[in-house]
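Student: Could we go through this structure by question and answer? I would like each answer to end on the value or name I ask for.

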Amino acid sequence: MVTVGIDVGSLSTKVVLLNNDKVVSYAIYPTGVNTEAAVDQAMESAMEKAGISSKDKPFFVATGAGKKKIAPEKQQATEVICDTIGSLHINPKVTGIIDIGGETCRAIKCDLKGNIIDFAMNDKCASGTGIFLDAMAKALRVKPEEMGDISMKSDKDIEVTSMCAVFAESEVVSMIHRKVPKHDILKGIHKSIASRIYGLTNRILLEGEIIATGGIANNIGVVSILNELMNTRLNVPKNPEIVGAIGAAILAKERS
Amino acid sequence: MITAGIDVGSLTGKAVILKDNEIMAWSLVPTGPDSSETAKEAMNIALQKAQLSIDDIEYIVSTGYGRIVVPFAQKNITEISCHAKGAHWFFPNVSLILDMGGQDCKGISCNDTGKVTNFAMNDKCAAGAGRSMEIMSELLETSLDELGDNSLDIKDKLAPLSSTCVVFARSEVLSYLHDGVHKNDIMAGACAALAHRVYPLLKRVGIKKEFVISGGIAKNIGVVKRVEEKVGLKANICFEPQIVGALGASIFAKERLAKQKKKKKRKAGD
């Protein structure tokens, strides 16, 4: 049976098609201002990749900040639950999850059965979230996906002192004026975001096997600093941004 | 006696030239990447206006976040003290000051001589600072000057901004625009949000009459009206609220100079 998980994030919308617990196809689209259109596009693209006619609408469950816009209450699930289910599907030994999304960042502590023991999150302030990194990438004129690799070239310890994304932007601009090398600035940015996330993980005493999900998990710079701070080796799945959508698709199978 | 005050803020540099107790000239320039250059530029414009040269200035005090990099200042004094001093010069009965700058916001209480008795500030988060209004004006393609006026002309109803963070508010505004909400209603929401953020700073230092607002945001009537409503007091605003800090610095410069001269006289008398 094919089911669908839709994760309507603040910055990107993810759709996953699942058949017999296997990911058949997925698609990622920017959410933009028109949520419904983004979901339709992502859905169509994922169905096409899977070779399913768009007439057969499989049952779906939605999660993410924009879930209420596209699904009736019965077909909604919280991000914390979907992240946990999706993470355990990828790695059944997981007891901790760090999810860094576009406008939120959360740490989740769970048991092997998928029960949520505790979680901490920041959704009030852009520091420590993906949009912070996006703003910095723009200021430095680098592609967000390149930030991690570039920062790994740095052997300096530069501090970005502003916590606020708006102020950090001016700070970075003044560093560019002072001709501080890009890779050193990037490392400073990654340290700033990692220390914010580390604060969340500390609040709930995350331990054991920990997985990193959400788009920022692709950023080797942030992950390597988190590894150092947490004295661990974070598990990074192949497509960390679709973990929540996978969880939603599994829930869809259970609920249909 | 001619003295000057220079206030190097995060977004604007200001200079004031004071002759005895009268403002001779003042200037406002946008802060560039080099704060000491900004200070020089502001000073030069004020000097030109006063038809003076830098050698005519007997004492210079710097203030603002870039105050330590002003090479030609004899002394630097915190902007908190300078704002209280400047506000007291304009309004001698002042006891509460709200200074809304580019990257910070302060609530200051002072005594009847303009000396600071308490203060609270936010310089960690852009919500509640002038920068947030700049972001809104860019987003809504409306000049900063117009934004305040337009925010008072609500078309349907105020569009509330639920996010504290300016970065998140940006997405909220975009979705309002997408839904066809009138720009004025969004501006009203933005001004109300800023007032909501700065009010706790005033409450923390204690709300007292007379109330003065200084800094760039004092020029935004939309924010001023909403702060007044929250505080329950009418705000006193001088003709150029951005120079209050620099003016305070120039008064400190005058006082220092007078003290120096007195000392010299006494020494000469010995």
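Student: How many helices and strands does the secondary structure of chain B come to?
Tutor: The model is predicted, so local features need pLDDT of at least 70 and side-chain atom pairs pLDDT 80 or more, while totals for chains, interfaces and linings use all residues. Residues are numbered from 1 along each chain as its sequence is written, and chains are lettered from A and ligands numbered from 1 in the order in which they are written. Helices (H or I, at least four residues) and strands (E, at least two) are DSSP runs numbered from the N terminus. On that basis chain B has 8 helices and 10 strands.

Student: What is the radius of gyration of chain B?
Tutor: The radius is taken over C-alpha atoms, and the globule rule is 2.2 Å times the number of residues to the power 0.38. For 270 residues the rule gives 18 Å, and the chain B value is close to it, so chain B is as compact as a globular protein of that length. The radius of gyration of chain B is 20 Å.

Student: What share of the residues of chain B count as buried?
Tutor: A residue is buried if 20 or more other C-beta atoms, placed from the backbone, lie within 10 Å of its own, exposed if 12 or fewer, and partly exposed in between. Of the 270 residues of chain B, the buried share is 51%.

Student: At what angle do helix 2 and helix 8 of chain B pack?
Tutor: Axes are lines fitted to C-alpha atoms, for helices over the stretch in contact, and angles run from 0 to 180 degrees between N-to-C directions. The axes of helix 2 (residues 79-90) and helix 8 (residues 244-269) of chain B are 7 Å apart. The two helices are roughly perpendicular (65 to 115 degrees). Their packing angle is about 90°.

Student: Which residues of helix 8 of chain B make this contact?
Tutor: Two residues are in contact if their C-beta atoms, placed from the backbone, lie within 7 Å. From helix 2 of chain B, the residues involved include His83(B) and Trp89(B). From helix 8 of chain B they are Val244(B), Gly245(B), Leu247(B), Gly248(B), Ala249(B), Ile251(B) and Phe252(B).

Student: Which residues of helix 7 of chain B are buried, and what do they pack against?
Tutor: The buried residues are Gly222(B), Val223(B), Val224(B), Arg226(B) and Val227(B). They pack against strand 6 (96-100), helix 4, helix 6, strand 9 (211-214) and strand 10 (235-236) of chain B.

Student: Which helix gives the most to the side of chain B that touches chain A?
Tutor: The contact takes 15 residues from chain B and 16 residues from chain A. On the chain B side, 7 residues come from the largest contributor, helix 5 (residues 166-178).

Student: How many helices and strands are there in chain A?
Tutor: Of the 256 residues of chain A, 50% count as buried. The C-alpha atoms of chain A fill a box of roughly 60 × 35 × 30 Å along the principal axes. Chain A has 9 helices and 8 strands.

Student: How many residues of helix 9 of chain A are buried?
Tutor: The buried residues of helix 9 of chain A include Val243(A), Ile246(A) and Leu251(A). What they pack against includes strand 1 (2-8) and helix 3 (79-90) of chain A. Helix 9 of chain A is mostly covered, and the buried count is 10 of its 13 residues.

How values were computed: Angles under 35 degrees count as roughly parallel, over 145 as roughly antiparallel, 65 to 115 as roughly perpendicular and the rest as oblique.
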